[in-house]
Amino acid sequence: MPQQELAKTFKRTRRNLKENAFLFQQLVNRDFQQKYKRTILGMAWSVLSPLCQLLVMMFVFKNLFGRAVNHYVIYMFAGNIVWSYFSDSTNMGMSSLMNNSGVISKINVPKYLFLLSQNVSSLINFGLTIIIFFFFCVIDGITFTPAMFMLWYPVLCLVIMNIGIGMVLSALFVFFRDIQYLYRIFLTILNYLCAIFYTLDHFTPAVQKLFLANPVYANIRYWRIVVLEGHIPSLQYHLLLAFYALFFLAVGAVFYKKYNHRFIYYF
Amino acid sequence: MAIIECDDVSIRYITGDFKSIGLKEYVMRKLTNNFHVKEFWADRHVTFSLEQGDMLGIIGSNGAGKSTLLKAVTGIMVPTGGKVTTHGKIAALLELGSGFDANMTVRENTYLRGAMLGYTKDFLDAKYDEIIAFAELEDFQDYMFKQLSSGMKSRLAFSIACLVDPDILILDEVLSVGDGAFRKKSGDRMREILSRGKTGVLVSHSVGQIRELCNKVLWLDHGNQVAFSDDVELYCDAYEEFLATKKLPKSMDDVKALAKGHDQRMAAERKKRAEEETKRLQGVLEKGDSDEAIQAAARILAKNKPELLVEDYQDLLGS
């Protein structure tokens with residue numbers, strides 16, 4: 001019975017997506033324009049901002065940790081772009097429903113489209129920073145290996161996970177307006193647990209394993225293994241990332257399905 | 001087959017909930033057992049059904065639950081109790097201006113809003129010129145939406161919702177859009193859509209509009225259904241009398257009494273107006289010099305027996 005229910009929900013979602021493909025495209029277009037305000041500089045800014053951040057971090061941390069790690073800049077950059085995408089996407093996702101409350105309370109459209117389109121626009125941004133990242137890889141003399149073709153995998157897992165987390169956050173944000181402040185605090189803590197600018201060498205192997213309980217760190221680690229160590233991570237990494245992605249997607253979907261009819265009362 | 005069917009629909013709002021207090025305060029109040037919510041029923045046991053080609057007018061004073069009911073019909077809200085079934089594509093205009101983006105052009109907004117109403121790209125491509133022409137915005141297509149006047153915005157919203165081809169059209173207090181000319185055009189447009197056998201629901205505070213456009217009427221009061229009937233005249237009369245006397249009818253006899261009261265009041269008002277006019281004219285005739293008196297007489301003549309007033313005497317009417 002639950003299986004049938006699930007199949008039905010899935011089928012309906014697919015039909016909805018198909019019917020609303022055009023709306024979705026329009027929304028992505030809108031979000032993208034809102035973000036960049038039709039300016040060339042707007043687009044450049046999304047690349048410049050992580051670059052500036054990277055420069056500052058390089059300046060501050062290179063002497064502190066840099067000596068111990070080969071290609072420290074790339075090490076840090078990999079962590080930084082994955083983190084930026086994660087925090088950008090979940091933050092934007094959180095406000096996606098509230099920002100469109102005017103539409104949702106007046107027009108009958110599938111609400112999750114707003115979340116998805118917001119995610120697409122964050123993903124495009126991420127794509128731009130990835131290009132810059134590889135540019136830096138070239139400068140820093142990283143050996144390009146076939147393993148890099150596997151990088152689609154952590155990206156895909158992160159996209160799915162972000163959508164799931166966005167579903168939970170956007171719903172929570174409708175009910176509790178202060179969730180954005182709480183989430184910001186949570187993000188700061190999580191950021192320090194992502195080993196973006198430091199290495200885990202000082203920790204015992206057990207603690208190093210514990211770090212993998214942080215989904216974002218697991219994702220960053222995958223990137224570093226591929227780019228810095230030049231090989232594809234073990235099967236366990238793949239399973240772990242897949243687990244995080246599907247887990248958060250499932251939690252988000254259940255949460256969303258349970259509460260989506262009640263959103264309208266709280267706008 | 002009923003196109004729209006509302007079966008015992010009730011909708012409840014919850015107030016005093018955690019909307020405004022936030023998560024921290026919510027947890028605190030939960031812990032101290034101090035968390036209370038208040039319920040508010042916007043609609044209670046509303047039942048009606050519409051066949052193809054019906055135009056329903058919903059009347060009721062502010063807070064009667066009209067707009068909430070429309071939200072249930074369009075599927076934006078899921079009723080707390082009861083069931084709404086609809087057949088066909090719905091175009092709903094609950095509020096003009098929602099779904100537009102201030103920083104996008106008129107052209108982009110037309111497509112965005114059209115997409116939100118569920119229309120395809122091909123359809124919008126084909127209809128785009130017509131929409132712009134109807135909204136009279138040919139010269140403003142590449143303007144930012146925020147640069148338009150509020151009348152223009154409403155015209156665009158109306159055009160997008162109506163020029164496309166819905167099976168069900170739902171309008172909430174939006175027919176009074178734009179200037180007089182556009183209002184007439186939009187009214188004509190509504191009648192045309194209805195004459196094509198479409199089904200519609202209209203919420204309006206103008207009872208005149210309901211009388212003119214609707215063949216069924218639903219009367220709500222504080223969420224309760226007072227009446228659903230196809231005797232539009234009777235119930236509109238009764239409703240207008242209710243607005244004057246604030247006496248809610250409890251039975252069919254009450255309704256008839258209200259309607260009768262309305263007729264009497266209208267007749268009395270007409271009589272009063274006629275008397276005032278006569279008095280005014282008499283006053284002019286008695287005290288005025290001859291020119292004015294002639295003009296006044298000619299005006300009375302023009303009003304009562306225009307066919308007698310041949311063209312030669314037109315200038316007698318004065319300004």
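I looked up the contact between the chains first: chain B gives 28 residues and chain A gives 23 residues. Two residues are in contact if their C-beta atoms, placed from the backbone, lie within 7 Å. On the side of chain B that touches chain A, β1 (4-15), α1 (22-31) and α3 (106-116) each give two or more residues. Helices (H or I, at least four residues) and strands (E, at least two) are DSSP runs, numbered from the N terminus. I sorted that side of chain B by class and got 16 nonpolar, 7 polar and 5 charged residues. Ala, Val, Leu, Ile, Met, Phe, Trp, Tyr, Cys and Pro count as nonpolar, Asp, Glu, Lys and Arg as charged, and the others, Gly among them, as polar.

I noted that this is a predicted model, where local features need pLDDT of at least 70, side-chain atom pairs count only at pLDDT 80 or more, and totals for chains, interfaces and linings use all residues. Residues are numbered from 1 along each chain as its sequence is written, and chains are lettered from A and ligands numbered from 1 in the order in which they are written.

Next I took helix α7 (residues 152-175) and helix α8 (residues 179-192) of chain A: their axes come within 9 Å and cross at roughly 140°. Axes are lines fitted to C-alpha atoms, for helices over the stretch in contact, and angles run from 0 to 180 degrees between N-to-C directions. α7(A) and α8(A) are therefore oblique to each other (under 35 degrees is roughly parallel, over 145 roughly antiparallel, 65 to 115 roughly perpendicular, the rest oblique). In this contact A:Leu169, A:Leu172 and A:Phe173 of α7(A) meet A:Ile179, A:Gln180 and A:Tyr183 of α8(A).
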